[in-house]
Amino acid sequence: MKIKQGNYRNPGTGAVEYAREFVEGKSMLESLPTITSLMKGELHDVGNKRIKRCDYCGYHYNDQTRPNNSKTCSKECKIARDTLNRKMKQADKALLNPKKTKKQEYYLDWLEYPFWINEYEMLKHTWKHEPSYGLSKVEQIAAAKQRTERIGGRRKPKYCTPMDKRGEKAHRVRVKFAKSDRNPSEVKTYRMDPDEITSYLVSKYGEKHLQSARRKAIEHRRS
Ligand SMILES: [Zn+2]
C-alpha cells in the first residue's frame, strides 16, 4: 500500500542521499526552502522516470536499480513497508474470522444450564480459577489479618499538612550543598538598553519571528 500524497515518515537513506545533492554545502536555513520545493516535487525533471516517490517514507528519491523498478528509496523502507503490509493483512484476517477460544468452542454458555461438551477441556479450564492457595500463602494472609487487627482495623493514616504564615500549604524544601573549599567568584552583571536588546533579538530570531512573538505576548496580556 502506498503512503498518501503529502504524508511523510522518517526519510530512508535513498531519500536522504537524493536530497543531499540539492543542499550540499548549504546551511540549515538556506536549505529549508530548497527542501520544501523538493518535497513538492518542483525541482526535478518530471520526464525523468528515475525520480520517484518512496512508497514507504513518501520522499522523492533517485532509483538506482538497473531495471528501474524499485518502489522504495532504500532497503529499510522496503522492509518496513513489507512488514506493515503483512501486519495489515494479518489484522484484516483476524477481524474477518476471529479465532475462537477453547471455552467458546466447548462450553455452551448460552443455555439455561450451561455445560461443557468436552470433559478434558473442562478440566483444563476449571482448575485455573479453583485451585487452593499454597500453605505459605495462607500463612501470609493470616499474618496480614492479625497485623490489621492489632493496629485497630484498616484505617487511613492521618496526615497533617503544615501551613505557612499565609495559610497556604507549606512545602518543605531541603537543599543540600556539596562541601567545597572553593570561594565563589565575583558576580558580574551586564546591562543592556532596550535598543541593544532589540538588535540582539533580531539578530538571533529574525524580524518576523520577533514581531509575531511580541504580538502574541500582547494578546496574552489582554486575555
Ligand atoms: Zn523511503
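Leu135 counts as exposed, because it has 8 C-beta neighbours inside 10 Å, where a residue is called exposed at 12 or fewer. This leucine belongs to helix H6, and in this predicted model its C-alpha lies 36 Å from that of Lys100, a residue 35 positions away in sequence. The protein as a whole has a radius of gyration of 35 Å, whereas a compact globule of 223 residues would be near 17 Å, and 9% of its residues count as buried.

**Helix H6**
- H6 runs over residues 135–150, and its 16 residues span 23 Å from the first C-alpha to the last, which is close to the 22 Å expected at 1.5 Å a residue.
- The number of buried residues among the 16 of H6 is 0, so this helix lies largely in the open.
- After H6 comes Gly152, a residue with a positive phi near 85°.

**Overall layout**
- The secondary structure amounts to 8 helices and 4 strands, and along the sequence these elements follow the pattern α-α-β-β-α-α-β-β-α-α-α-α.
- The domain assignment gives domain 1 as 13–93, domain 2 as 100–129 and domain 3 as 194–223, and the C-alpha centres of domain 2 and domain 3 are 71 Å apart.
- Taken along the principal axes, the box filled by the C-alpha atoms is roughly 75 × 75 × 45 Å.
- Among contacts with a separation of 6 or more, 40% are between residues 24 or more positions apart.

**The largest nonpolar core**
- In soluble globular proteins, nonpolar side chains tend to be buried together.
- The largest nonpolar core of this protein has 11 residues, namely Ala15, Tyr18, Ala19, Leu38, Cys54, Tyr56, Cys57, Tyr59, Tyr61, Cys73 and Cys77.
- Helix H1 (residues 13–23) supplies the largest share of this core, with 3 residues.
- Tyr59, one of the core residues, is in contact with Tyr8, Pro11, Ala15, Met39, Cys54 and Cys73 once its neighbours within four places in sequence are left aside.

**Helix H1 and its packing**
- The buried residues of H1 are Gly14, Ala15, Tyr18 and Ala19.
- These residues are on the same side of H1, because they cover an arc of only 125° around the axis.
- The partners against which the buried residues of H1 pack are helix H2 (28–40) and strand S2.
- Gly25 follows H1 and has a positive phi, near 85°.

**A backbone detail at Asn68**
- Most residues other than glycine have a negative phi.
- Asn68, although a residue other than glycine, has a positive phi near 55°.
- The position of Asn68 is in the loop between strand S2 (60–62) and helix H3 (75–96).
- Asn68 counts as exposed because it has 10 C-beta neighbours inside 10 Å, again judged by the limit of 12 or fewer.

Terms used:
Residues numbered from 1 in each chain as written. Predicted model: local features only at pLDDT ≥ 70, side-chain atom pairs only at ≥ 80, totals over all residues. Helix = DSSP H or I, 4+ residues; strand = E, 2+ residues; numbered from the N terminus. Expected span 1.5 Å × (residues − 1). Buried ≥ 20, exposed ≤ 12 C-beta atoms within 10 Å, placed from the backbone. Core = buried A, V, L, I, M, F, W, Y, C linked by C-beta atoms within 7 Å. Contact = placed C-beta atoms within 7 Å. Domains from an automatic or database assignment. Arc of directions from axis to C-beta. Rg over C-alpha atoms; globule rule 2.2 N^0.38 Å.
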